[in-house]
Amino acid sequence: MESQESDYRSATVVEIWDLSPTVKGLKLHAEWHKRKSFKAGQWVHTNIPSINRLGGYTLCNSPLEFSKTGILQLAVKYSDHAPTLWFHEKCKIGDTILVEFGGTVFYDPKPQDSQYDLLLIGAGIGMNSLYSILNLVTEREASGVDKELLPGKVHFMYSSKTKKELLYKDKLDEMERNHQNISCQYFVTQEKLNEPNIKDCRINKEDVENAFQMVDKSKCKVFLCLPFEMCNEIEDTLLNQDIVIDQIFSINWW
């Protein structure tokens, strides 16, 4: 949950790379990772020296990885927002910034929860928080620890403008190959492709309805990370499919 008081802590940039033509990947190291963590689906507020504006970016990696390595992984899409410009144009390895975890919508299953399926629907940079959830699921399965916290089936629907903007697609494909309970479906809105499993359209009502061939709607939790208008449209479709509101967890972005 979001803290009521400021709790910024330092983190150092240790890696920077291009995830796509418009998105920078970054890894930050936090020496305090044994004392504090986050939930899959949350973000970090950032406080950057010399910039008088705060930023907010969803985390890509899992809290399980963070607890072991101290690494926070971000994917920052280009914009003229001052903190984002800093990450794209001025940030360098060795720089130190301040971060604070935030976000009240996250994935945090409990042992007493009955097993359920997961439907994850994301668009653009909104895939980050859902990728964090997928990383947590696959890392838990690989570790053999906390198996009672694992979901049943997981279906990920992911839309972007172009194939090059489908972040982490190679890793998502690897997850799908290595985990029989995980399936991924891709959508691009500004390209015409003739490739299996990539549809050249927006995620529409029919696509959402068909997703329930992959997961059981009677025992499914749905996580959405979408632009505001698209999120409302898909929520309406889910409700018309008899998904109750308590099964839907929405992270809107503009």
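Residues are numbered from 1 along each chain as its sequence is written, and side-chain values use heavy atoms, with hydrogens and water left out. Because the model is predicted, local features need pLDDT of at least 70 and side-chain atom pairs count only at pLDDT 80 or more, whereas totals for chains, interfaces and linings use all residues.

**Exercise 1.** Describe the largest nonpolar core and the elements that give residues to it.

Solution. A nonpolar core is a set of buried Ala, Val, Leu, Ile, Met, Phe, Trp, Tyr and Cys residues joined through side-chain atoms within 4.5 Å, where buried means under 20% relative accessible area, exposed over 50% and partly exposed in between (1.4 Å probe, protein chains only). The largest such core has 34 residues, and Y107, L118, L120, F156, L167 and L172 have the most contacts inside it. Among the elements giving two or more residues are β7 (117–123) and β11 (220–227), while α3 gives the most, with seven residues; helices (H or I, at least four residues) and strands (E, at least two) are DSSP runs, numbered from the N terminus.

**Exercise 2.** Is S132 buried or exposed, and where does it lie?

Solution. S132 lies in helix α3 and is buried, its relative accessible area being 0%. Leaving aside neighbours within four places in sequence, its contacts (heavy atoms within 4.5 Å) include F38, L59 and P63.
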